[in-house]
Structures are given as structure tokens and as C-alpha cells.
Amino acid sequence: MQHLHNRKENQLSSGMACELSNYGKGAWVNQAYSGSPPPVNRNISTVYNPQPMFHSSLENMNHMNMPNPYSAVDKVQTYPAKEKSGCCSAFFKGLWGTAALTKDSKNNPEVMVKANLKELLVYIFFLLDLCLLTYGMTSSSAFYYTKAMTDLFVQNPGNSISFSSIGSMNDVWTYMEFNLLDSLYWNTYYNNVPFVNENQSLIYYENMLLGVPRIRQIKVKKNSCKVHEDFRREITECFDVYKEEKEDDSLFGSVNHTAWQYHTEKELKGSSHWGLLSTYSGSGFYQDLAKTKIESIDIIAELKENLWLDRGTRALFIDFSTYNANVNLFSVIRLVVEFPATGGAITSYQIRTVRLIRYVNTWDYFVMGCEIVFCVFILYYIMEEILEIRVNKASHFKNIWNIVDWVVILLSLVAIIFSIFRTIKVDKLLSKILEQPNIYADFEFLAFWQTQYNNMNAVNLFFAWVKIFKYISFNKTMSQLTSTLSRCALDIFGFAIMFFIVFFAYAQLGYLLFGMEVETFSTFNKCIFTQFRIILGDFDYDAIDRANRVLGPIYFFSYVFFVFFVLMNMFLAIINDTYSEVKSELSSQKDEFQISDLIKQSYEKTIMKLKLKKEKISDVQKALDSGSSELTFQDFRDALKGMGHSDQEITDAFSKFDQDGNQTLDKLEQEKMKQELDEKRDSLNAELRNLGNGMSADDHGETKDFQRLAQKVTHLENAVALIMSKVNGITEKMESRDKMDRHMNRDDESRPASGGNIQVSLTRTQEQAPPTWSPAVPMGMPRNHLYPDGGWQATSENSSSSRH
């Protein structure tokens, strides 16, 4: 028999079916789901684990087994056909749907929360990958490697003096002749047994010296400054402070060698160095040492004898590099001695411990996998930003978080490009050093840019963490920080003008009063940082008092009073008052849909689904509790049919345990079904208990109200199913009577069948008018998923019976 509510077969007459076919597929779609495709048939394996008859917390109650009360013609006239979209557009909408979701969620808080939650989940994976990538390139051994090199070459006095204690040009030669060479060349063990390769230096027995060290100096021209006329007879030569335009590039000395010839920065492939007194170029006069200690001693002795360092020398650089295979780290070391025009020597050093060879062990290859995933994420976010720009146009850049997005993307692109460049450059340089071990290993350039690369990754990771505020700011609690700062920004800007007027006035005063005697006030820049340290409580009052016994205390106490006690407290008062206003406004605002509400909804949906499954299990157990040794399919079907179950569910459940296929469950088969039902029920009870333990009292109250409402709807569904079952019975009887009439009046073919007329009339009545039991929207209640605009959607899971 063809059922009224079965979509698999056409329940209308052929004429009506042809008429509806002219309107296309849209004529068969339920009006409650405008523009939506028909529901997909789902096969249900067992009756105790069925697909719920309505999904997502009663939001799709139109999935119940009811006929469509609206005519197909009205559907076509009221709702236009759904716009077709290609596979590519569907793919991009699913993968990069943030722009569309953001546009559609301006007036829908629930959609906005879901869009932000989707973005947040994707971004958490990106942030996790970035953290693994960033920390995977660093090593805790880098600090200890740097400390070992610092102790050996800077702090260790050795047999003479330490590098940090150098105070004159004589100390420089003493350090280079003894301590430097002793620290550079390790050719024997502590028992004087030489290494296997005597020409190879292994510092601390673990760190290989790459190539040979290089010493380089920068000079200024003779008479680069003017001497006062009163001293010109006594002082015939004058050497100014270092400036690049006064750099000496003339040949000097009696030996024709690189140490006595000037080389430009381009020839040396060097770079400028930011020292304590000035910034020095990468040019100058250089001398490479040898692979052995004895040869290097002779080179330094020759330079000292020929007065290589003189009055015009302004900076001396000692460069060399080491490699530790145990931790796969390079240490690029530069020792700098600056000779100010005042005389003496000022030392500084720069030790860069970097990882230039990236892929050696298993962890390195795992980091390489993270790099590949990182590149995929950057491509994803680039496409995301392009789509958002297409939607929002120029207004896209009015949001500060979108600017942060582009900062992260641009820094990431630079990091990717440099990583490729670094890998290629290191391979070329290492191959060159291995082929020519007696040349200088210039890793300064790579070490500098590797350090900048690490700094860039650190900044990028910082912005990546800050960007999380973009996704949690929709919560009113999380938005207090951004709301407070944005509201008081104008007041803070006005206060900052007043603050820095006073601050810089005191900085000028401190520089002029104590700059000649106190190191922390020796330059204007140092004065600024010193005054910030005073605000934080870090200061040396005795040094100020010694520099000026009268104005020192006046400066200190007046500065502390006006800046610390007055201005700083005004700054805190501005932020505190603004925060109080923001907090009071947020507390008075109506609670919007937040992520906690979304989680609560999901929790309630899960509870409801579990309870529905449990009720269906109870229904099946009731059908099995008849006590009969054999249960026929008809009895099983009649029992469950009255409880509102569909024929498909009943047939699937029965056929699973009817192993012999005789349409009867014997005692053994009934026991198997009961056993599996008990196991499933116990599992559902355990899940319900676990979910219930995590609920608060308010959640329990809300869930009970929700469950009462769901229970009422379930009863309504059962009643509707019972009505439909009776309608099916009447239809079957009418069909049987029609067959009997046709059999008795076989000769009279022109006589129409009354049962058929009644069936067609019944079908049309059901299509043209809603049934009396169709629920209406309550007064004052907004239309939502529980009360859709249309009627109940007919599904293919309704009860059906075959022709007899």
C-alpha cells in the first residue's frame, strides 16, 4: 500500500503528481524548511540506539512523522527556489567561512558566538603549532654554552689578565699573547696527550674551533681634529673621536700585508658594529691567525713589534667561531676593545649562540613538520584575510585586531623566507670551510640575522598570544580590559603630555647636575631610564649625594614627590575610575548569548538525546515482557506501534535478533535482546550520572524545565504516531473493501471504486488544511526552532506497511 506520509512513493494520483512536477523539485519541500533540501533517510541499526525523532534540543520538531499540511502550490508561490552554488564555492564557504559568518552574525549573537568559537578552535591549533615551532628552534643548552665561552674568554684571568680587566693598550697585547691564545688552542688533554688531529683545536675538549681567528682594527686619520693655538707647539698630532668620514684608509707600516692595508666593508663582507662609544663600520685593517698556537704567537709578536696599534686606533675586534656537535650549536664570538680619544680602553663582547644546522635528530624533523603545518596555516589566514577584505572593504582595517592579523602574517612570511635563505647560506659556508680549513670562518653575518630571526619570532609569538583577546572579547567579562583601555585612552593621552613635560625637565636637570660623576646620569638616554628605575624603587641615592651635596637631595625628593606620589597616582586614578564605570555598565547590561550558553545548550541536548534513547529501550523491554516463549513480529510491531515507533525502527530491531528469519523470536533470541538492552541502558545511565555530576544547582533547574517541556513534546509525538497508526488502519480497511468491490463488479469496468475516491479525498484534505492537532505558536513567544514558521516537516522515517 502507498502511505500518505511516505516520500519514497507518490501518494497522489497520477494527474496531481504531473501537475506538481511542473513546479520542479521545490514543490515537494516542506514549507517549514524554506530553501532546504529534503531530509536524508537514515538507517537505524537498533531500536535502542535510534536517530532521535527530533534533533538538537527539539529545534527540529518538524522531523516528526507527520504529513505536510501545506499545499505544494502555495510553497512554490511563497518561497523562491534555492540559489544554486558550485562545488568550489561550497568548499571555500566551508573552509573560509569566517567572513560570511561575521557578516551574517551582526544581528545574531548566537551565530557570532559560534563563528568566534570556530575561529578560536582553529587559532588554538595555529598557536600550538607556532609555540612548538618557536621553542623547537631554541635549546636550554644555549645559555650554558654562552656562559662557558664567557667564563673562558672574558672572565678567566688565565696566566695574565682577563679581558674584562683590560684598561690600556699594553693590557691588550698582554691579553692576546697569553690568555687569548691559551683559550683558543686546545691541542692536548690535561695529561699532555695530544689529540688525534694535532692541528685541530677542541675548546673544553668539546667545541671545535672553526677556521682561524681574525683580529681587525679601525683607525682615524692623523690631525683629524684641531688643536688650540696655545698648544700647537707642544701637541703636534691630534686624533679625533671615531667618525666614519674620518676613518683612516692609508697604507702604514713597513710590511706589505693585510694587517697594514686598508680593506673596505664590501671587500671584507663585513657589517657595522654598535659599540659602547660609537657605531663602527665593517672595514679596516685585519690579520688572520694560524691553525696552531706557535704560528699565532709569531704573528702577534710581529704586529706588536711593528706598532700595529697606535694613537689612531679607535677599535679592535677579535672574531672567531666554535661548534659543539653534542648540542648542535654554533657560538659566534666577538671581543671588542674601544680606545676613546680620552685614552684608556673600554671592553665589551658579543657572544651569539645560534642553531644554524636545523635538521639533525628526530626532534628536528618533527619541528620541520611543524614548519610545514605553519606554512599551511599562513596560507589559510592569507585567504581568510583576502575574503574578509572583499566583504568589508576598507572598513576591515578599522579594527585593531585585523591589523594584528596582518602583522602576524607579514612577520611569518619574513620568517619563512629567511629560514629558506639561512639553510642555503649555511650549506655553502660550511662546505667552503671544510674544503679550506685555514681560512677565517665568517659566521658573523648569519649569526646576526639568525638572532634577528629569533627576535622576530619572539615578537610574532607575542602578538599571536595577544590576538586571543580578539576571540574572547565577545564575553563581557573578558572585554573589561579592552573597554577600559579604549575608554580612558583620551584621558591617558592628555595626562601623558603633562607627565612627560615634568619627566623630561627632571631628566635634563639630572644630566646637567650629575652627568660628570655618576655613570647612570652620564648620558641623556641613561638619565631617562634611571628616572624610570627611581619610580620602581631602584636607585643609588649615595651617588647622587656625592655628586652634588646641595642640589642632589633637592632633586631626589622633589622628583619622588611630584612624579611618584602625585603624577603616578593620578595615572592610576584615571584607570581605576574608568574601570569602575565599565564594570558597573557591564553589570547592568542584559546578558547576551555567550559561549557558556552555547556549552549549556550542547549539554542539555546531550542529556535529552540520552533520555530519549533510554525511553526507547524501556519501550522495547515492555514489548518483551509479555512472558510468551515465542514473540511474533506482528505482536512485537503492534506493541511498539502504539508507543509511537516507526515501522523501519521496529523492523531493524526485530531482524537483528531474528537469526533464523522465521518472523518469531524464541526464548533464546529474546534473552539476547534483553541482555543487550540491559547493557545499553546501564551505559546510558552511567553517562547521565556523569553529566549530572558536573551540573550546578541553576543548571539542574534549567535542565528540569527543559526536560518537562521535552517530555510534553514526546507525549505529543506519541499521540500523533498513534493517530497516524489508526489512519493507516482505516486506509488498509478502505483498500481491502475497494478490492472486494472490484472483484464482485469485475464485469462493470466503468464503475469507479468508492474506496479510491475516499483515499484521494483524504489525501487532498491532508494537503490543503492543517490537522486539528497541529501546534501553534504560543502568544508572546518568539518564533524559534521549537515553533518554526511553517508546519511540521514530513520525513521518510514514518511508519509504512506493505501491500497484502
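**Aromatic pairs and nonpolar cores**

In the predicted model, Y123 has a relative accessibility of 1% and therefore counts as buried. F126 is likewise buried, its relative accessible area being 2%. Both residues belong to helix α5 (residues 109-136), where a spacing of three residues separates Y123 from F126 by about one helical turn. The structure holds 49 aromatic pairs. In the pair of Y123 and F126, the ring centres lie 5.6 Å apart and the planes meet at 40°, so the arrangement is tilted.

A tilted pair is also formed by W186 and Y204, with 5.3 Å from centre to centre and 55° between the planes. This pair links distant parts of the chain, 18 residues apart: W186 is in the loop between α7 and β1 (202-203), and Y204 in the loop between β1 and β2. W186 is buried at a relative accessible area of 17%, whereas Y204, at 33%, is partly exposed.

One aromatic cluster comprises F495, F499, F500, F503, F504, F524, F532 and F571. Arginine side chains also lie over aromatic faces: R214 is placed over Y286, 4.2 Å from the ring centre, and R422 over Y453, at 5.5 Å.

The largest nonpolar core contains 42 residues, and F153, M176, W308 and L335 have the most contacts inside it. Elements supplying at least two residues each include α6 (141-155), β2 (207-219) and β6 (313-324). The largest share, seven residues, comes from α7. Beyond its neighbours within four places in sequence, F153 is in contact with residues including F163, Y175, I203, F320 and L335. Another core, of 24 residues, lies apart from this one and has L513, F556, Y559 and V563 among its members.

Notes. Residues are numbered from 1 along each chain as its sequence is written. This is a predicted model: local features need pLDDT of at least 70, side-chain atom pairs count only at pLDDT 80 or more; totals for chains, interfaces and linings use all residues. Side-chain values use heavy atoms; hydrogens and water are left out. A nonpolar core is a set of buried Ala, Val, Leu, Ile, Met, Phe, Trp, Tyr and Cys residues joined through side-chain atoms within 4.5 Å. Buried means under 20% relative accessible area, exposed over 50%, partly exposed in between (1.4 Å probe, protein chains only). Helices (H or I, at least four residues) and strands (E, at least two) are DSSP runs, numbered from the N terminus. Contact means heavy atoms within 4.5 Å. Rings of Phe, Tyr and Trp (its six-membered ring) pair if their centres lie within 6.5 Å; planes under 30 degrees apart count as stacked, over 60 as edge-to-face and the rest as tilted. A charge sits over a ring if NZ of Lys or CZ of Arg is within 6 Å of the ring centre and within 35 degrees of the ring normal.
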